[in-house]
Amino acid sequence: MSKVNISPQIGSIDLSTKIDITVNNLSTDYSKRISIENVTNNVYALIENDKYFIIDKDKNSISFTVDLNVVENNTSSLISFFIYIENFIDGEYKLVDIIPANFTLLNENVEEFLFNIKIDPLFINIDEISNIKIDIDKKDKVIVSINDRLFNILSNEDGVGELSFRGKEVIDTEINSMQCFPIYIYTSESNFTKKIFTGYTLSILPSNVKV
């Protein structure tokens, strides 16, 4: 299965027009093309100003810039999109992979999230594991909130706190479609009373979907 790196995953409308995407682990048996659908707005994104991005047969990794084509009347802060990968087989393009992803639109008035935090992966099913790593003061504590489920993270002497959790710890019922949950954090600075949006969203997929 192909792997994707997306940068940034959070930002303004302006940043949504220049997202850098790298796709790895592509097949070298066929020529390929990639398209991206902004499913939130029901439009196709523009890859280097075009709908399709053509990839030579011998390329197993490719990078390009994407405009998610967010519509003017968009009201959602979470833009979900699908990356479609097609191989050119027997004279036609055939779909071989669909990779889901999100971009979070930040309101200009939202408080800036000042911590260095990494959450990977952001797409899991209920049985899979995601990991959170955050840089804070040494021997400090933060509380992470996902779907109103609270997770305590304590930092070590280097100020690094880590946590692993399964999807079933966030949502404990079987689902038939993708569910998305903003990830919030509470810090000791506010005595754990002020909820701060990290800019990330965790997506829980049906159990029969593997990412």
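Residues are numbered from 1 along each chain as its sequence is written, and side-chain values rest on heavy atoms, with hydrogens and water left out. Because the model is predicted, local features need pLDDT of at least 70 and side-chain atom pairs count only at pLDDT 80 or more, whereas totals for chains, interfaces and linings use all residues.

Strands are described first. Helices (H or I, at least four residues) and strands (E, at least two) are DSSP runs, numbered from the N terminus. Two strands pair if DSSP finds at least two bridges between them.

Strand 9 spans residues 78–89. Of its 12 residues, 10 are buried. Buried means under 20% relative accessible area, exposed means over 50%, and partly exposed lies in between (1.4 Å probe, protein chains only). Strand 9 pairs with strand 4 (residues 32–38) through 7 bridges, and the two run antiparallel. Within this pairing, Glu37 has Phe82 of strand 9 as its bridge partner. Strand 9 also runs antiparallel to strand 10, with 12 bridges between them. Here Ile83 stands opposite Ile99 of strand 10.

Strand 9 and strand 10 form a hairpin with 2 residues between the strands. Asp90 is found in this loop. Its phi is positive, at about 55°, although Asp90 is not a glycine. Asp90 counts as exposed because its relative accessibility is 70%.

Strand 17 pairs with strand 14 (residues 141–146) in the antiparallel sense over 5 bridges. Ile143 has Tyr186 of strand 17 as its bridge partner. Strand 17 also pairs with strand 18, again antiparallel, over 6 bridges.

An open sheet of 4 strands has the order 1-3-8-6, and its pairing is antiparallel. Strand 1 and strand 6 (46–47) are the edge strands, each pairing on one side only. Strand 6 is joined to strand 8 (residues 62–67) by 2 bridges, and these strands run antiparallel. Leu46 has Asp67 of strand 8 as its bridge partner.

Attention now turns to Asn38. This residue lies in strand 4. Asn38 counts as buried because its relative accessible area is 0%. Contact means heavy atoms within 4.5 Å. Leaving aside neighbours within four places in sequence, the contacts of Asn38 include Val43, Tyr44 and Ala45. Also among them are Leu68, Asn69 and Val70, as well as Ile79, Ser80 and Phe81.

The Asn38 side chain also makes polar contacts. A polar contact is a pair of N or O atoms within 3.5 Å; within protein, one must be able to donate a hydrogen and the other to accept it, and residues adjacent in sequence count only if both atoms are side-chain atoms. The side chain of Asn38 reaches the backbone nitrogen of Asn41 at 2.9 Å. It reaches the backbone oxygen of Leu68 at 3.1 Å.

Asn69 is 31 residues from Asn38 along the chain, yet their C-alpha atoms are separated by 7.5 Å. Asn69 lies in the loop between strand 8 and strand 9. Its phi is positive, at about 60°, although Asn69 is not a glycine. Asn69 counts as partly exposed because its relative accessibility is 29%.

Two cis peptide bonds are described next. The bond from Ser7 to Pro8 is cis, with omega near -5°. Pro8 sits in the loop between strand 1 and strand 2 (10–11). The bond from Asp120 to Pro121 is also cis, with omega near -5°. Pro121 lies in the loop between strand 11 and strand 12.

The pocket comes last. On a 1 Å grid over the protein atoms alone, a pocket is an open set of points where a 1.4 Å probe fits, with protein on both sides within 12 Å along at least five of seven lines; lining residues have an atom within 4 Å of a point. Grid points are joined across faces, edges and corners, and a volume is the space filled by probe spheres set on the points. The largest pocket holds about 720 Å³ of space. Its lining has 28 residues, of which Val4, Gln9, Asp120, Pro121 and Leu122 lie nearest its centre. Elements that give two or more residues to this lining are strand 1 (3–7), strand 10 (92–105), strand 11 (116–120), strand 12 (123–125) and strand 18 (196–205). By class, the lining has 16 nonpolar, 8 polar and 4 charged residues. Ala, Val, Leu, Ile, Met, Phe, Trp, Tyr, Cys and Pro count as nonpolar, Asp, Glu, Lys and Arg as charged, and the others, Gly among them, as polar.
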